[in-house]
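User: I've just opened this model and I'm new to it. Can you walk me through what stands out?

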Amino acid sequence: MDPASQDINLNSPNKGLVVDHTDSLSDVPVEGAVGNSANPLPPGLTEEEAEELRTELTKVEEEINTLRQVLSAKERHAAELKRKLGLSPLNELKQNISKSWQDVQTSNAYVRTTEKLGEWNEKVTSLELYLSASATLDDIAHSEAYKKTQETLSQAGQKTSAALTTVGTVISKRLGDMRNSATFKSFEDKMGNLKYKVVGPRGNGEAVGSPTDTTPTQENPPF
């Protein structure tokens, strides 16, 4: 008795009885069969032609898988060669950018754009308005008024620089004369006496006599 043909449902009243599934299996449609409603053949295509197409499709898919494996092996080999040559990803990126820019410069779109810009430049420079403006600027640059204005500004700058230098010299001389005057020296003496009165007779651990102190120091005090 075939175990696959027995009813193994424990709650079934037919438990242990042989169940014949031959009829039910014969009703299941086979994939790719003629007249299969799930995947019908296109109109005008016979079963023999469909089988040939399926065989060819299988071969093409196998070739694609083979090419993918070959490509993966080639990429690994190229990466190993780059590693041995010391080609880092940054250097490779720089080379790719440089090559891309060269490709852009040699492309038809870039060449046409450059030519178009050159044509526009020639048209603009040949316009009467552009020529008139250029001529006017040249006339202004070579005119006597423009030259006089330049000379005046240059002379004014030189005079201003000389005046500032003179003022600085005068101020320095006046400050020197002030420091050497009797009034400034008297002021310095008064400031020295004031410092002595505030700080005291000792400075840096040594006794310092007051410039106005005329009383002699007693060697033997009375007590």
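User: Is Tyr110 buried, partly exposed or exposed, and what is its relative accessibility?

Analyst: First, a heads-up: this is a predicted model, where local features need pLDDT of at least 70 and side-chain atom pairs count only at pLDDT 80 or more, while totals for chains, interfaces and linings use all residues. Residues are numbered from 1 along each chain as its sequence is written, and side-chain values use heavy atoms, with hydrogens and water left out. Buried means under 20% relative accessible area, exposed means over 50%, and partly exposed is in between (1.4 Å probe, protein chains only). Tyr110 therefore counts as partly exposed, at 32%.

User: Which aromatic residue pairs with Tyr110?

Analyst: Rings of Phe, Tyr and Trp (its six-membered ring) pair if their centres lie within 6.5 Å; planes under 30 degrees apart are stacked, over 60 edge-to-face, and the rest tilted. The structure holds one aromatic pair. It is edge-to-face, with 6.0 Å centre to centre and 75° between the planes, and the partner of Tyr110 is Trp101.

User: Which residues does Tyr110 touch, leaving out those up to four places away in sequence?

Analyst: Tyr110 sits in helix α4, residues 108-125. A contact means heavy atoms within 4.5 Å. With that rule, the residues touched by Tyr110 are Trp101, Val104 and Gln105.

User: How many helices and strands does the protein chain have?

Analyst: Helices (H or I, at least four residues) and strands (E, at least two) are DSSP runs, numbered from the N terminus. Read from that end, the elements go α-α-α-α-α-α-α-β-β. That gives seven helices and two strands.

User: Which element has the highest mean pLDDT?

Analyst: pLDDT is the predictor's confidence in each residue, from 0 to 100. For the protein chain the mean is 74, and 72% of residues reach 70 or more. Among the elements, helix α1 (residues 22-26) has the lowest mean, 46, while the highest, 94, belongs to helix α2 (residues 47-85).

User: What share of the residues in the protein chain is buried?

Analyst: The protein chain exposes about 20200 Å², with carbon and sulfur atoms supplying 58% of it. Those accessible areas come from the Shrake-Rupley method with a 1.4 Å probe, and for residues only the protein chains shown count as cover. Of the 223 residues, the buried share is 4%.

User: Why are Glu119 and Lys116 about one helical turn apart?

Analyst: Glu119 and Lys116 also form a salt bridge, with the closest N and O atoms 3.7 Å apart. Glu119 is partly exposed at 38%, and Lys116 is partly exposed at 40%. They are about one helical turn apart because they are three residues apart in helix α4.

Technical notes
A salt bridge is a side-chain nitrogen of Lys or Arg within 4 Å of a carboxyl oxygen of Asp or Glu.
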